[in-house]
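Here's a quick briefing to read alongside the viewer. Have a look at the fold, then work through the points below.

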Amino acid sequence: MNRRMTTLVAAGIVGGSLALAGCATGAEDDTAPSATQTEDAHGGHGSHEDMEHPADGGPVPAGMTEATDPEYPVGTEVTLTADHMHGMDGATATIVGAYDTYTYSVDYTPTDGGEPVTDHKWVVQEELENPGDERLPDGAEVTLLADHMEGMEGVTATIAGSTDETVYVVDYEADGMTMTNHKWVVESEMQPAS
């Protein structure tokens, strides 16, 4: 019984030490950059200000149709002219995906109680709940399946505008942070790299 108690005490001490070591490591990481990038507003009122966007956008939704002859094929370096996020305009990006679909800017109020977002660019047809195959009109109400930012998934949004331009997924660096698989940038929001 004594031996068993000694083993349990030793295991408890080792476990506690590991837990404390984990806490200490986490404390040191507080000074490292976070894995999110704060989106900057499209000029201010009610857009992406104070909303976080993952540094890795992850895979595209199922059912996306790859563009057969995009202006900027996968692997092409471009210069971004979009200003969806701070540091994006003028950044050099690499195309990692090009798709044919309908792409929408939307207005919505986040589920997490954040300020209403206007003209969020972009969500694609495949990120809407039961959108059908046709392009949806401005003013249509939709349910977002996209989770680009906190409080976005599952909200009812209003379509503010749309395009059928080729839409791209890009990797780029802004303000010392690398963004991978950033969704979405449409063709008119980029130009050939100089």
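**A four-stranded sheet**

Let's start with an open sheet of four strands, ordered β7-β6-β9-β8 and paired antiparallel. The edges are taken by β7 (117-124) and β8 (141-143), each with a single partner strand, so one side of each has no neighbour in the sheet. On average, neighbouring strands here are turned by 45° against each other, direction ignored. Keep in mind that this is a predicted model.

**Inside the sheet**
- Strand β6 (residues 103-108) runs antiparallel to strand β9 (residues 156-163), and six bridges join the two.

**The salt bridge**
- The count of salt bridges comes to one.
- That one pairs Asp119 with Lys121, with 3.7 Å between the closest N and O atoms.
- Asp119 is partly exposed, at a relative accessible area of 26%.
- Lys121 is partly exposed too, with a relative accessible area of 24%.

**The chain as a whole**
- The protein chain has one helix and twelve strands.
- Reading from the N terminus, the order is α-β-β-β-β-β-β-β-β-β-β-β-β.
- Of its 194 residues, 37% count as buried.
- Take the contacts between residues at least 6 apart in sequence: 60% of them join residues at least 24 apart.
- The accessible surface of the protein chain is about 10,700 Å², and carbon and sulfur atoms account for 50% of that.

Notes
Residues are numbered from 1 along each chain as its sequence is written. This is a predicted model: local features need pLDDT of at least 70, side-chain atom pairs count only at pLDDT 80 or more; totals for chains, interfaces and linings use all residues. Side-chain values use heavy atoms; hydrogens and water are left out. Buried means under 20% relative accessible area, exposed over 50%, partly exposed in between (1.4 Å probe, protein chains only). Contact means heavy atoms within 4.5 Å. Accessible areas come from the Shrake-Rupley method with a 1.4 Å probe; for residues, only the protein chains shown count as cover. A salt bridge is a side-chain nitrogen of Lys or Arg within 4 Å of a carboxyl oxygen of Asp or Glu. Two strands pair if DSSP finds at least two bridges between them. Axes are lines fitted to C-alpha atoms, for helices over the stretch in contact, and angles run from 0 to 180 degrees between N-to-C directions.
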